[in-house]
Structure formats: C-alpha cells, structure tokens
Amino acid sequence: MSVLNGKNILLGVTGGIAAYKAAFLVRLLVKKGANVKVVMTPSAKEFVTPLTLSTLSKNEVFSSFTNEENENAQWNNHVELSLWADLFLVAPATANTLSKMANGTSDNLLLACYLSAKCPVYYAPAMDLDMYKHPTTAATFEKLNSFGNIQIPAAFGELASGLIGQGRMAEPDEIVSFLENDILKKLPLRGKKFLITAGPTYEAIDPVRFIGNHSSGKMGFAIAEAAAMLGAEVILISGPTALKLENDFVKIIHVTSAAEMYEAAHEYFDHTDIAILSAAVADYRPSEVASEKIKKKDQALTLQLTKTKDILASLGEIKKKQFLVGFALETENEKENAKLKLKKKNLDLIVLNSLRDKGAGFKTDTNKITLITKDNKVLPFTVKSKKEVAKDILEYIIEHTNA
Ligand code: CTP
C-alpha cells in the first residue's frame, strides 16, 4: 500500500504544454488511493480540459473564484480547498506561476490556494531550458525553497521548443515516487521497530474445544496499522481473529495459544524499540489437553487449569532500551490496579480501559482510555474510534521517547 493512500491531494495545474501530463498524474495518484481535487489556472484550460481532469479525479475541477457560467454559482472557497489538502502539488509549475508564488501574488484561484495552504507544498517546474537557466528563475526557486516548498527537479530532455536541455517536467510516475519517498523519509516513526500483540488466545481443552475470550483484536490491529502509516516496521503477533490487515507494511504472525504468543514475542523482542501488548491473553490454560474429544458422561466436569506465563511481565524483566506498553482491563479500582500493574510488570506506560465506561471494551469500534505513565501522570481521553485511540497512544510515545 502506498503512503499516498487516503491522502487528500490538491493538484494545481498551470498553463504549460506539460499540463496534458496532469491527466496521467491524476490517474496515478487516484490509483495510489489518494483523494484528488484539481485547481487550474485559466491558461491551463487551453492545454487540458477541466472535464478530463474532473472525470479522472471524480471531483469537480476549480479554476476561478466563481463559476461564471452559472449566475447562482457560489464562491469557490480557496481556504476550504487548501485546508482540505494534506499536500498541495503544483505540476506543471510554469515560470510565471512560480514567480507569482514566490512574491505573494494572488490573481487567480490556484495562487490564492497556495497562499492559504498550511500543508506541504511540492512543485514540479516545467519550462524551456533558457527560462529554467535564467538567474531570475534560479532566484525564484531559492526563494520558494526557503519558504519550505519542495522542488521536484525538472528533467533533461527534448522540450516543446525542439531544443534539448533541462526544464522538462518530471514524468508523472517520477513525481509520484518523489512524493512517496519524501513523505516516507519524514515520517516520525521511520526506522523504529514495533512489536504489538493483539486479539485473544485460545487454550485447547481437547481437539475441538478451547477456552477463549471476546477480544476482537481491533485495538491492536488499529495500533499496528497506525504505527506503520507513521513509518514504523511493525511485527503484529495476533491470536485468532477475523480481522484483515489493510496495511501491507505490517508483518503479521498468527498464533493460537498464550504459549505460542509468548514464544513469538520473545523471538522478536531483542530487536524491538517499542512493544505494545494489547492482547487479551488467557491467564489460565487446561493443565492437560485431552488427545480425544471428551465424551459427555457425568453431571459435572472438572477442568484443572494451570497459570500461563505472563508475556508482558516477562518482557518487563528482560527489557533494556525497549519502551514497554501494557494494557489493563479493569472493572473496579481501575487507576490503582493499573498503577500496580505498571510497577509490577516494569512498564513505561499503561493503557487503562474500564469496562464501566460506555464505549470501551472488547467488541466495540470505540474505546475510552486513560494513559498512566511511569511517573504517575494520569491522562484521560474521551470516547473515540479505536483508530483515533491508536493515534493518541502513538502520539504520546512519539513525544515521550526518542522515536
Ligand atoms: N498479559 C500478557 N500475558 C498474560 C496476561 C496478560 O502479556 N499471560 C498482558 C496483556 O496483554 C495486557 C496486560 O498484560 O497488556 C494486562 O492484562 P490484564 O488481563 O489486564 O491483567 P493481568 O495481569 O492478567 O491481571 P488480572 O487479570 O488479574 O487483572
């Protein structure tokens, strides 16, 4: 999956011959899973039609502050468009538009969007070689880059004038790779190794029966996906669940029992920077697993149970540089119990869920957490989707580790 998946991209198209390539660019971005809206300068419409770009982007294309053909038209809100965008890409970017961007001119909708943009702005210059080499253009690039805009270098090749030199807009696939690489290298968890446990464990009674619990795995999967989207390398050790990963940057290891989860967690822990143990691990397993299906006989059946190994506590004992996060699911004396667990298991952070809170727990899509830190800080959060909760936990980790 691309890092562009789900990103809102505002594509600014300006009036140069390379504008015809904007059609390919929109198609590639949409294929990567991005939501694309296009804003064009009036002269760009001479080179590629808004209809082509709106068909490919599946969104209305904007090119003026109002729609002149429709007298009831509303004002096209450049601020709204810019705030919608996770990134603004100007491609092709002509010398004229770049110079206006560098100097704060705002005489069309695209430029107004640029001035309102709070997101990263990328630009792919496209012009003839002498324009590209001109000292004014060099000064424009320097000025734009000093404002934090990101230049996607023009290529060397045959230009519309027939001359050969630098100034050709980078090809659409090169622009897309440039964006992906640039985003990846700036992700806050890039290079960090995560180990996450999720879901229930099943402890076999006989070949057809087990002791399990209602954990869906949703919380752990959400953390794994969110960490990967922030650039982390993620190993997700999951007990039996029906969930499918949306993110192919996560490596999943399927286990069934607490003992298998213990083995897998210890195999990877050494090379882990941050471990988050959200699995609902069985505390007890049947002492004996019957080799044949247990037949119905007496009125009562007694199963003898043996304690499983506490994976989290065992990692707490051997941890060196790792930042270790546990979960606590409580029904009473929540904070006190969670604080005790944090201490006893040698954790850096504990995520408390109370089953008394509405919207928290196993099967829901929402959760309500309280983070409790090693130095006894208690940070409550409101009910949120598990995806949002995952982001809150990771945000805390990013701020409080050297991640
Ligand atoms: N945990 C674990 N291995 C176990 C049991 C629990 O790794 N055998 C982890 C869970 O993944 C969670 C944390 O320990 O991160 C707390 O789990 P919880 O069930 O709330 O606490 P327990 O330590 O099992 O204590 P109790 O059931 O008595 O509340």
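Start at strand S17 (323–330): S17 gives four residues to the shell around the ligand, the largest share. Helices (H or I, at least four residues) and strands (E, at least two) are DSSP runs, numbered from the N terminus. The model is predicted: local features need pLDDT of at least 70, side-chain atom pairs count only at pLDDT 80 or more, and totals for chains, interfaces and linings use all residues. Residues are numbered from 1 along each chain as its sequence is written, and side-chain values use heavy atoms, with hydrogens and water left out.

**Stop 1: the ligand shell**

Select the 16 residues around the ligand. Leu277, Ala279, Phe327, Lys341 and Lys345 come nearest. Colour the shell by class: nine residues are nonpolar, two polar and five charged. Here Ala, Val, Leu, Ile, Met, Phe, Trp, Tyr, Cys and Pro count as nonpolar, Asp, Glu, Lys and Arg as charged, and the others, Gly among them, as polar.

Now show polar contacts, which are pairs of N or O atoms within 3.5 Å; within protein, one must be able to donate a hydrogen and the other to accept it, and residues adjacent in sequence count only if both atoms are side-chain atoms.

- Leu277: a polar backbone atom is 2.6 Å from an oxygen atom of the ligand.
- Phe327: a backbone N or O atom lies 2.8 Å from a ligand oxygen.
- Lys341: an N or O atom in the side chain is 2.8 Å from an oxygen of the ligand.

The ligand on its own has 570 Å² of accessible area, and the protein covers 76% of it. Areas come from the Shrake-Rupley method with a 1.4 Å probe; for residues, only the protein chains shown count as cover.

**Stop 2: the largest pocket**

On a 1 Å grid over the protein atoms alone, a pocket is an open set of points with protein on both sides within 12 Å along at least five of seven lines; lining residues have an atom within 4 Å of a point.

The volume is about 1,000 Å³, taken as the space filled by probe spheres set on the points, which are joined across faces, edges and corners. Of its 38 lining residues, Ala279, Val281, Asp283, Phe327 and Lys345 are the closest to the centre. Helix H12 (334–344) gives the most to this lining, with four residues. The lining has 16 nonpolar, 13 polar and nine charged residues.

**Stop 3: the second largest pocket**

Move to Ala222, Glu225, Ala226, Glu246 and Lys387, nearest the centre of a pocket lined by 26 residues. The second largest pocket holds about 720 Å³ of space. Select helix H13 (386–400), which gives seven residues to the lining, the most of any element. The lining divides into twelve nonpolar, three polar and eleven charged residues.

**Stop 4: two backbone details**

Go to strand S4 (residues 87–93), where Pro92 is placed. The peptide bond from Ala91 to Pro92 is cis, with omega near -5°. Finish in the loop between S17 and H12, at Asn333. Asn333 is not a glycine, yet its phi is positive, near 40°.

Key:
A residue is near a molecule or strand if one of its heavy atoms lies within 4 Å of it. On a 1 Å grid over the protein atoms alone, a cavity is a set of points where a 1.4 Å probe fits but cannot get out, and a pocket is an open set with protein on both sides within 12 Å along at least five of seven lines; lining residues have an atom within 4 Å of a point.
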